[in-house]
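Please keep the model in view while working through the numbered points.

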Amino acid sequence: MKLEDAIKTRKTFAIISHPDAGKTTLTEKLLLFGGAIQVAGAVKSNKIKKTATSDFMEIEKQRGISVATSVMSFPYRDKTINILDTPGHKDFAEDTYRTLTAVDSVILVIDCVKGVEEQTERLMEVCRMRDTPVIVFINKMDRPGRDPFDLLDELEEKLDIRVRPLSWPINYGPDFKGVYKLYDQSLNIFDASKTTVAENIIETKGLEDSRIDEVLGKKDANELRENVELIDGVYDAFDNKEYLAGKLAPVFFGSALNNFGIKEMLDTFCEIAPQPQGRTTNTRPVKPEEKKFSGFVFKIHANIDPNHRDRIAFVRIVSGEFKRNTFYYHVRLGKNVKFANPATFLASSKSLVEEAYPGDVVGLYDTGNFKIGDTLTEGEEMLYQGIPSFSPELFREVVNKDPMKTKQLQKGLQQLTEEGVAQLFTRQPGNINIVGTVGNLQFEVIQYRLLNEYGAVVEFKPLGYHMACWMTSDKPEKMEHFIRVKSSEVALDKDGNYVFLAPSAWMLDRARESYPDIQFHKTSEFKTLA
Ligand code: G4P
């Protein structure tokens, strides 16, 4: 395939949502549409259910499933669609943030009963950092939810993005009759008993068409007319440029469980979603059309079998064509590496890749060469940017319970944090290891894996830090002063950057006031703290 053709036909995106809004159901229905699976139920949720927090076998099983569903590709119309899966569990949010660096757009699923939830807000914050284009799917319209206008207001308010409905629901809950497609003036009629992907579409000649009254009844038809008038009055017309700039989100309504409203969203997605985009490196921006291959590692997954400590590194291809059994340059290590068995994954099967193109993700078997953020090129010395670490929310000191296994512990901690399971900070003096996570579950995973894969026994001692802030300053003496005075609250991150472990929001504010020459950043890539 020619590189330009491959780029034009690819769409790489992620579905994001607060747990339970319907991400797994929607993913599965998209795969059904694409013919990638034949029956519902083939995609397992990668959610780690709450009850499983102490069931480590379950965690291991889930990890296996999430490898299998890490990337799902399917053809649809003339496009190749790559869906990058994101973990459903909140405790693995950091994994999701990193996956978002490897996509070109997202579909955000909202539960119409619950509206914007905590995790929705955080994920959208990450999308906004990169101006990722967003399509919103308001799900579960078959349930008695909230007024659609209220939901749209809430989206705009809480997610700080303008919205534009492209379909409009006719009632909701038990009275849900379907949606009116605003862009082609047709009705899509809802039938809860339907089990196939077939749709019941009624073309109309516009809102005044009497067919609408025949199909919906006078009352609902008139209400629809009033609502559409209101929509046209309140919301600007859909502007593709604004969408691509991440400023405006088109909104669709439907029910993933009932296979309803998905096709119109998928069709629109194919038309408007961006093709694979370039990325920036420390030396220059890279365009997908460039002939030479380059890409970056955004996710590392440990193999499930503890006897084989090999891992799978997921590489997003940014430019050129990737070929199997070809030497590529590992920039950080300064050495050439080649891959005999690069893989793609779909549902539970994986297959060998001979070649792959910008927007594609390949899984590379790795015996410890890769870290998250690593760059592969055809020889050029450049490093992809934009895979920041975010501040963890929970911090604990690692207490070594078996001094004979200190070496193994250090190795285990290093490897697990390279995989991105958690962040490791080292506090001087005393060389104290501090692990930071976004949820409790990771501590259990780390403790279990350190014991099972490295033979190290640890306990964790809770530390009362509020957040980690990366520090920079062009006045070294001020920085040195701060580090000396606050030695119990300063640590080094994995790359040797100084981090302030602020005990509280108040203390962080005080530090910023007292040390105006030091900048405190929310992420490791030094975006200033909002
Ligand atoms: P997630 O991946 O975002 O966490 O959500 P998931 O798809 O697992 O969906 C969460 C629950 O919501 C599931 O029910 C699912 O069946 C239901 N659901 C998804 N879409 C719709 C919809 O359009 N309408 C209705 N009424 N329900 C929907 P569950 O009981 O938690 O799981 P399950 O036993 O059905 O799998």
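1. Overall content. The secondary structure of this chain amounts to 14 helices and 31 strands; helices (H or I, at least four residues) and strands (E, at least two) are DSSP runs, numbered from the N terminus. The model is predicted: local features need pLDDT of at least 70, side-chain atom pairs count only at pLDDT 80 or more, and totals for chains, interfaces and linings use all residues. Residues are numbered from 1 along each chain as its sequence is written, and side-chain values use heavy atoms, with hydrogens and water left out.

2. Of the 530 residues, 57% count as buried, where buried means under 20% relative accessible area, exposed over 50%, and partly exposed in between (1.4 Å probe, protein chains only). Contact means heavy atoms within 4.5 Å. Among contacts between residues at least 6 apart in sequence, 72% join residues at least 24 apart.

3. The seven-stranded sheet. An open sheet is formed by seven strands in the order β2-β3-β1-β4-β5-β11-β6, and its pairing is mixed. Two strands pair if DSSP finds at least two bridges between them. The edge strands, each pairing on one side only, are β2 (71-76) and β6 (162-165). From one strand to the next, the twist averages 30 degrees. Axes are lines fitted to C-alpha atoms, for helices over the stretch in contact, and angles run from 0 to 180 degrees between N-to-C directions.

4. Strand β4 and its partners. Strand β1 (residues 10-17) pairs with β4 in the parallel sense over five bridges, and Ala-14 stands opposite Val-106 in β4. Strand β4 (residues 105-111) also runs parallel to β5, to which six bridges join it; here Val-109 stands opposite Phe-137 in β5. Helix α6 (residues 148-159) packs on the sheet and touches β4, β5, β6 and β11 (248-253), while the direction of α6 makes about 155 degrees with that of β6.

5. Why is β4 described as largely enclosed by the rest of the structure? The reason is that seven of the seven residues of β4 are buried. Both faces of the strand are covered: Ser-105, Ile-107, Val-109 and Asp-111 are buried on one side, and Val-106, Leu-108 and Ile-110 on the other.

6. Ile-135 in the neighbouring text of the sheet. Ile-135 belongs to strand β5 (residues 134-139). Ile-135 counts as buried because its relative accessibility is 0%. Leaving aside neighbours within four places in sequence, Ile-135 is in contact with Val-106, Ile-107, Leu-108, Tyr-243, Pro-250, Phe-252, Met-265, Phe-269 and Ile-272. The C-alpha atoms of Ile-135 and Ala-273 are separated by 8.7 Å, although these residues are 138 residues apart along the chain.

7. The four-stranded sheet. Four strands make up an open sheet with antiparallel pairing, in the order β7-β8-β9-β10. Its edge strands are β7 (167-170) and β10 (200-203), each of which pairs on one side only. The twist here averages 25 degrees from one strand to the next. Within this sheet, β8 (residues 178-181) and β9 (residues 186-189) pair in the antiparallel sense over four bridges, and Leu-187 in β9 is the bridge partner of Tyr-180.

8. The packing of α4 and α5. Two packed helices are described by the angle between their axes and the distance between the axes. For helix α4 (residues 93-100) and helix α5 (residues 118-129), the angle is about 35 degrees and the axes are 10 Å apart. In this contact, Ala-93, Thr-96, Tyr-97 and Leu-100 of α4 meet Gln-119, Arg-122, Leu-123, Val-126 and Cys-127 of α5. By class, the contact of α4 with α5 has six nonpolar, two polar and one charged residues (Ala, Val, Leu, Ile, Met, Phe, Trp, Tyr, Cys and Pro count as nonpolar, Asp, Glu, Lys and Arg as charged, and the others, Gly among them, as polar).

9. Asp-213. Is Asp-213, at 14% relative accessibility, buried or exposed? Asp-213 counts as buried, and it lies in helix α7 (residues 210-216). Polar contacts join the side chain of Asp-213 to that of Lys-218 at 3.2 Å and to that of Arg-225 at 2.7 Å. A polar contact is a pair of N or O atoms within 3.5 Å; within protein, one must be able to donate a hydrogen and the other to accept it, and residues adjacent in sequence count only if both atoms are side-chain atoms.
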